[in-house]
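Thanks for coming. Please have the sequence and the model open while I talk.

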Amino acid sequence: MDVILVGLFSLAIIKATPLVYGALCGILGERSGVINIGIEGMMLIGAFMAFMGSALFGKWTGAAFSPNLALIVGLAIGVLSAALVAALHAVLSIHYKIDQVISGTVINLLAAGITDYAANVYIDPSHLSGVGVFPEVPIPLLSQIPILGKIFFSQQPMVYFMFGLVIFLQYAIFNTPWGLRMRSVGEHPSAADTVGINVNRTRYINVILGGALAGLGGAFLVLESVGRFQKLMTAGRGFIALAVMIFGRWTPVGAFLAALLFGFAEALGVRLQFGDINHLYALVVIIAVIVLFVGAVGLIRSWVIRSRSSRSLVVNLSLIGLGALTLIAAKLIQFPDMAIPIEFLGLLPYILTILALTGLVRKAVGPAAIGRPYEKQ
Amino acid sequence: MTTPVLQLENITKHFPGVLANASICFDLLSQEIHAVLGENGAGKTTLMNIVYGLYKPDSGRILVNNEPADIEDPNDALRAGIGMVHQHFKLVPVMTVTENLMLGHEKTRGLPLGMLGRLDRKQVSQEIRSLGERYGLRVDPDATVEDLSVGEAQRVEILKVLYKGADILILDEPTAVLTPQETEELFEIMRALVGQGKSIIFITHKLKEVRAVANRITVLRQGKVVGTTTPDAVNMAELAAMMVGRAVLLTVDRGQSHPKGVVLSVEKLTVPGKSNQPVVNDVSFGVRAGEIYGIAGVQGNGQTELVEAITGLKKSVSGNVKILGKDITNLGPRLLAHAGLAHVPEDRQKHGLVLAFSVEANLVLETYYQQPFSDGWWIHPQEMRKNAKKLVAEFDIRTPSVSIPVSSLSGGNQQKVIIARELSRAIKLLVINQPTRGLDVGSIEFIHKRIIEARDQGVAVLLISVELDEILSLSDRIGVMYNGRMVAEIPASAAKRETLGYYMAGLRVEQSANKNVS
Amino acid sequence: MRLEVFRITESEIAPRTATGKAVSHLSNLGVPVFAIFTALVVASLAIFLSGSNPIEAYLALAAGAFGDLDSLITTMIKTIPLLIAGLGVALAFRGGLFNIGVEGQLFVGSIAAVIVGTGFHAPIYIHIPVTLLAGIFSGALWAAIAGFLKAKYGANEVITTIMTNYIAIRIITWSIGAYGPLRKAASVVPETNSIFESARLPELIPGARLHAGILIALLAALLIFLLLFRTTLGIEIRTVGMNLHAARYAGINVNRTIVLTMALSGGLAGLAGAVQVMGLSPYNFTTGFNVGYGFDSIAVAVLGSIHPLGILLSSLLFGAMDAGARLMQLRARVPIEIITILQGLILMFVAANQIIRSLYHIRAPKGQGEVNLTQSWGGSTD
Amino acid sequence: MHKKIFWKFFIALAATSILLAACAPAPSAGGATEEEAGCKLKIGYVSDVGKINDQSFNQASWTGVQAGAEALGLDSSCYSFIETADSADYETNINSFVQEGYNVIVTSGFAMGQVTRKVASENPDVLFIGIDQQQVNENFEPDPYDNVAGLNFHEDIGGFLAGATAGLMTKSNVVGGVFGCQFIPAVARYEVGYHNGVTYVNPDASIIDVYHPGSIDQCFSDSAFGSETAQSFINEGADVVYGAGGLTANGALITACNQGAMVIGTDMDQFLTLPEVKDCILTSAMKDIVTGVSDLIVAASDGTFQGGDTYGPSMLAPFHNLDSQVPDGVKTQLIDIANKLSTGEIDPCAPFQDSNPNTFCIPVK
């Protein structure tokens, strides 16, 4: 059971990482008032350029440097390129004031077309080879903790960086001048304008920074996951990241938890194909875990943040109780052997998203000034 | 007292099609309250936005303390010691008072990380507290702005300007949202500020206030300075004439009303707000055919929700509403329209019009599906055009064509489109909310005349306005709302400004409550 | 006293709008044309970099789209689903909704048409309409889910339709896959049975592939035009799209209109899917069928400035590019991805028309309401 | 200021690209009417909805076309390709080559089987090569046409050999397999064969097989899915990972390799096509499309072309860098198994519990 749990959760974290990076990109943009449905495209460009950078650097320098240097060079180039694409999004939606959703759609089309095209005319004919991936770096002592150590502290560097980034951004968005300005621009741009904050510059900066983060997500796929660029390798992760962002209520920690839930749901879909777990049992367990999760998050919120609108203690406690009871019951019941088609196992994250949006989990309300170009009255 | 702290020389500003400021000269002396008086559209706000760096003038220059100042953006203005309290509050609703005040000039503690340092909320909230005590502006620094009352929010705005170290304060129409008592308090604050060395530009279109508080008055009309004077040198009528450019009737001739049977009756109506607290609480009143019932009150005391509940835009939780004895509680707008209700909404651009639609389409916004505009499914554009042409003539709507988007009309003409649309139907009850907000005098006169005409034709009129003068000059009976309750109902003949003001501030309620206890 | 009036007078406004109408029509047409030209120029750089000759490529593209009767027919066949689905996207835009779920709704429509088209035998004049209706209703129903979630819970339709896309496509993949109930018995290919002759759209010219779907598409364009601009429902949809609050004030049932708009939009997508399986040999649904029309139709709708007439032209353009891509690959050896790049560039230049205007000195028409396509992102409908 | 410079730059860019376009070599050929000198054959290739450079069977097919053309000494203007974007376009795309006067048309993928036969029956003068296309009629009865050669493979045999290799080489007794679309018969044959191969040599080994659950536009191209799945195999203790399914499988191979596992590739010798795994790839279950297509093209040129089904060899690629690590005993055992497979003594496609029914295997002989 431990092995299964560790396996499931470390897979969930690996699957969650690009989603978190993408969602953070969305958060920076939307918190400053710019919708970004081009996350997918930015990740794709980030992945492509990270591969080109690392592979070409590796090819040109040969064995002169360690492959990690090539990876770092690739990372830098991938991040910068994605930031550049985000700059295009920013110019289109802030300067030219075109509909931000259309601008995002343009980014997605162009990124898919250009990377596909370039892969066809360059990468494949030249047999360009990847230079490997960042190695796993177990953190001393922490990685020795049973179960948790294996899940959280025996990962690759970009996973740790993601942890750090989530904590840092959670702090920065709510506790620094930068975050205060960003949020004011997304909520009430003319108020920010009257105290001398340059609304459009703030938006440019945050959209471009966000693009860099999406680039990290794309680079992760190449530099830590797959090891080379493959066409359309983001495979819709940018869109899921958008849902993760909303599910996480536009906060980094919320997005992290949401991405983890998504990652877990997907990991479970894969894990159930291994054939050693009863599908029905697993389904009941995950529903129970979700109920538990929702209750626990609600409880933590109402205690720690003292949020005014959070659910009552009774509701949270009964959710936790219900989840726990279901878990115990699932242990006792003998489920009939039934294979759920793999296509259905993969549906869980999508259904979760819809449930999240309907407010069954919590009502999501985004920044007030989102989607509207700022114009002085 | 005699040194000018701010001088404007020949400021000119064009907007497409409009000359907003024409070569304006203006000076502000140290420790003076200098009122800038003018109608809506006279160019007051534009001028002040130029001073504050939100607009760039086409020509002219600004001197601060006799030095030419290059004010490119609000930061420059703040650096030059100029702060502005805007008519529409520039506060971020979801943030606290402290966060709003530090925005743009954040203090951090701990490591000097610049933009990524840790916000020092404690220190700033301390400063706000002491600043508030010094000027008599008390607010809770940790409160979230969206939870504050309008008066409190305004105090936050003034504090914000003081906190940023401004010596020259521009107050843009600060009294529009205040009760007479709160206005008086504001004037006290203004005098205290001047006493402590600040100088104030006070923008308004209300003549009485100017006379009450200003040291000097500059009148603007159609982008130009008409003249500068002092309160003692002119009387009200002269000021009004300067402002409008002709003699103005300060009162409306509303004639005698001949009320008949009750059209609208509201009984014990309760409407919940955002957090399920009642924002309209157990309200009862009636409006009879052929009378104007005015509801006075400071903005945000439940008038908006009351109107929305009566007109079907919001659901009430208890009580009922009847039109001509028929229960219409919580019916939708369409059924209410059938029952003879017309509604001129508070926010004409948000609710009253579809800005991108043509004038003719906006004139049938509620009747497009009825004969003769439609036979239920297909629409008849030529009928709509005919209707539009007729109403444009009848209501003097200034538009080059009925097929252009209504967004290209002026505010007054937009309001006329709404009023034309509502009055052109066969109606029993007219609910009209803030009928003249932001309009020029000509449109105001026209609209007031139309409201009285409607009354005289036997329509029951429910008039809601935060302009006490408007209520007093039009209403036959007046109700006052405070904190969601109808706290008084007075015949117009017996109504005095002062009494109404006390009710609007909730003072009489508390007194009577005290009496009941004792 | 100085009493000049500085506001614009009526005589100043009047001539501007009178000629303005003609000017704005011209520049409305001019912008897309120049946008397409600019996109072609920019994309030629990519073609050149890949070692091909851009002019040869574009000539081949044109030949493949319009070179002979067969190419023309291919173009028209490609235009049909883009036109119908593009109308669907545009209708949603008009109602203030962004339907990214056309891809999934189109799949659902195809599958429903297959189920009905293979479910029973009936005379052609019954079977065809019933099958078309099945496509329409199933697409409408699938889209109405997102509409309902929007109206009831304020769930953003962009996200919900992306999710319902995935759900639809996965379930359909399963249904024709190894274990699926719709899998054609004894076929190597994951495909459904072919629909019966009685439910197939007749060819307009026997043997020429061009089927009656083109008439259905044109009829749909006409009907949507009439619906939007000549009916009370059209007024309601556009009012909700332009100003939700005013719609509520005017007594329009906003929630019903949102669900209805979404359903109509999905119905068109479903119709597009049904027409595809009913009109194209081998008249069945198979893996890889119709991929990408959902996303192309968004570009088609925006390029056609969400007006049925504009969409007629833009879908023809995209159809021609899809059709011409064959010869462009075959003759000029240009990879097909260049079409995606081209479409992205066209969409960009059309949407950011200021770029085009300043490049070619086209004046912007005055007083035109910009359509904001994303008015209620993330928030509720209040 | 900035804006102006930007536009000048932009206009300059546009102008240059037009110039470049104008200066480029003039269009070489008008179309079908002009018979080009030096083209004794014109060869067209139509891909399946996957892309030409999918590093899988579409790429192998196109490489085969190029190899065949080179063997005949054809100029590069004598062969071309069309990538299919929508399965509804198969027929149009094939017909485009017919109309342009091509003599040999190669189509790849079982999905195009019936369409290829249809176009072939309408154009008896043109020769067709269908990869993964059995020449059968609608009732699955053999029905060869003179001008269509179906090039088929026993993927189950390849998969079985891969499985046997994995089963013999594993030390942890846990082996994994990442597969593309489960509804594609060739993939199913690889999977079932692989499973049977492992079980045949090592009944105690536990086998973890995972398909991508997505639709056709994802299941062959989601390399991150492959990578993540391989990672979870490693967590479960797998030390040999097999991948069959385009880019999805490639992701799995690279990650497994980076994690220290041995990997087995598919279709082509992935030691050559996927350089990232060259130090840990044991072998690949080869399906030699390149040679098969090339040979058929040469046959088309010299008049020895024969319609009907042909079966390409299914075999393992060389062990390359890991050759020294494969014990001789294993090598001989694999040869023995290959022989038994070729005689039909072993059924590589035998169904087992919950096995994918979507295989459509053809027994050897």
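In β8 of chain D, Phe179(D) has Ala244(D) as its bridge partner. That pairing joins β6(D) to strand β8 (residues 240-244) of chain D, parallel, over 5 bridges. Two strands count as paired here if DSSP finds at least two bridges between them. Helices (H or I, at least four residues) and strands (E, at least two) are DSSP runs, numbered from the N terminus.

A word on conventions: this is a predicted model, in which local features need pLDDT of at least 70 and side-chain atom pairs count only at pLDDT 80 or more, while totals for chains, interfaces and linings use all residues. Residues are numbered from 1 along each chain as its sequence is written, and chains are lettered from A and ligands numbered from 1 in the order in which they are written.

Back to β6(D). Strand β7 (residues 206-212) of chain D is joined to β6(D) by 7 bridges, and the two run parallel. There, Val178(D) stands opposite Val210(D).

For chain D, 59% of its 365 residues count as buried. Chain D has 12 helices and 12 strands.

Next, the domains. Chain D is divided into domain 1 (43-152) and domain 2 (155-287 + 327-343), with bounds from an automatic or database domain assignment. Their C-alpha centres lie 28 Å apart. In domain 1 of chain D, 9 residues are in contact with 11 residues of domain 2 of chain D; contact means C-beta atoms, placed from the backbone, within 7 Å.

Now between chains. Of the 5 pairs of chains that touch, A and C have the most contacts. Chains B and D do not touch, and their nearest C-alpha atoms are 18 Å apart.

Last, chain B. An open sheet of 4 strands there has the order β14-β13-β16-β17, with antiparallel pairing. Its edge strands are β14 (278-288) and β17 (326-327) of chain B, each pairing on one side only. Lys322(B) stands opposite Asp327(B) in β17(B).

Terms used: Contact = placed C-beta atoms within 7 Å. Buried ≥ 20, exposed ≤ 12 C-beta atoms within 10 Å, placed from the backbone.
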